[in-house]
Amino acid sequence: MTVAPGEPTIRVGLVVDRDSAILSASGQWRVVDPSGGAIAIMDAGETVIVRAGDGGRDLSLTRSGAAAPIVAQGNVVIVPERPGDFVGVGSRRYRGDLLVLRGTAGITVVNRVPLESYLLSVVALELGFRNPSDKEAVKAQAVAARSYALRGRGRREALGFDVYPTDADQVYGGVDAEFQEIDESVVAVSGEVLTWQGQPIQALFHSTCGFSTEASDQVFQNQQPVPYLRAVSDRYGDGDHDFYCSISPKFRWREEWDADGLTAILARTLPAIANGRTVGRVIDIRAGRTTPTGRVAELVVTTTSGDFTVGNGRVREVLRPAPDRQLQSTLFQLHVDKENGRLTKLVVSGAGYGHGVGMCQFGAVGRARAGESYRTILATYYNGTTLERYY
């Protein structure tokens, strides 16, 4: 993909402070020092296993088939010989190059990639719709993702990169996650960014709002109100399902626990906030404070050891349907069955998926299918911002 004049580079932390990583490239490639001096020249298909060396800044690089490692004194860069080739980390391929750093205990591998190339993968994974009627939503996602990335440049400087490739920031999977249909929409809005007072915005987004998005300060602890991250209704009619995001499979959902199952889950999740107290067996559970749109901002769990208050931002982590799966959203109602004053069954009837702040992705798709442009979609979810071309 051609790099536009003035297009910035984004640094993605693919491997962070791990024991080792397997690196390669699709064509001939070099291992170079920061000044560009070649440490090794490798053929397509050859791999290098990189580990932390014995010295404080050393890296140990073992070529496939080689007995002795190459020791590099400091950071190295993995560079393809030809611009159209890809670098590899494990089984995944990436555009750009790879910077290998010493982490606190191990090694960190950073993909340095032009922003527009980064977005091809991010938009495909974060939205993924390829129906022609969804194109305006894809464009909106591209602008939001670009704005988020620009806002985040330098935010994780202490770690040596800008963003994680996960939902801690934006999901990024490299070349193999890209789709041509997505690429066309991303290119159509190349360089366009949402700004507030001249700076890229914190363009948060989530899968499904359920009926309305929520103001950021109602969801994230200790955050001041953000003027463009306010509650926005997704309703378009008077019916029970007359919401733009009702096309989402997570629009409405239900979870259920019996007393033993709930006690087992809470025994795993509550200790993080219990300050050393024994959790005990669950007796009751209720919603404390709720947000203006009805999201549960505080959960009160009563056990044989007393009351535990789960604050804003931890509700989904604590009330898990399964050990490996957090609750889909905090927009829910609790239904408690009791016997002899103790909980026997808990049913949660919920709506939406994700934190509920910023653009509702399924809502954006519903609006696109209803004929709204990406500009209108963005202006709705990020009210008061300016859409401008940054490069």
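Which residues are buried in H1? Keep that in mind as you open the model.

This is a predicted model, where local features need pLDDT of at least 70, side-chain atom pairs count only at pLDDT 80 or more, and totals for chains, interfaces and linings use all residues. Residues are numbered from 1 along each chain as its sequence is written, and side-chain values use heavy atoms, leaving out hydrogens and water.

**Stop 1: helix H1**

Select residues 115-126. This is helix H1, with 12 residues. Helices (H or I, at least four residues) and strands (E, at least two) are DSSP runs, numbered from the N terminus. From first C-alpha to last, H1 reaches 16 Å, close to the 16 Å expected at 1.5 Å a residue. The expected span is 1.5 Å times one less than the number of residues.

Now colour the buried residues of H1: Leu115, Glu116, Ser117, Tyr118, Leu119, Leu120, Ser121, Val122, Val123, Ala124 and Glu126. Buried means under 20% relative accessible area, exposed over 50%, partly exposed in between (1.4 Å probe, protein chains only). That makes 11 of 12 residues, and H1 is mostly covered.

Show the surroundings. The buried residues of H1 pack against several elements, including strand E1 (9-18), helix H2 (135-152) and helix H7 (361-369). Then step just past H1 to Gly128, which takes a positive phi of about 80°.

**Stop 2: Val226**

Go to the loop between helix H4 (216-219) and strand E16 (252-258); Val226 lies there. Val226 is buried, because its relative accessible area is 14%. Beyond neighbours within four places in sequence, Val226 is in contact with Gln202 and Ser216. Contact means heavy atoms within 4.5 Å.

**Stop 3: strand E16**

Select E16 and show its side chains. In a regular strand the side chains alternate between the two faces of the sheet. Trp253, Glu255 and Trp257 form the covered face of E16, while Arg252, Arg254, Glu256 and Asp258 form the uncovered one.

E16 and E21 run antiparallel, joined by seven bridges. Two strands pair if DSSP finds at least two bridges between them. Look for Asp258, which stands opposite Lys345 in E21.

**Stop 4: Thr291**

Which loop holds Thr291? The one between strand E17 (282-287) and strand E18 (299-303). Thr291 is buried, because its relative accessible area is 7%. Setting aside residues up to four places away in sequence, Thr291 touches Glu214, Gln218 and Ala297. Zoom in on Glu214: a polar contact of 2.6 Å joins its side chain to that of Thr291. A polar contact is a pair of N or O atoms within 3.5 Å; within protein, one must be able to donate a hydrogen and the other to accept it, and residues adjacent in sequence count only if both atoms are side-chain atoms.
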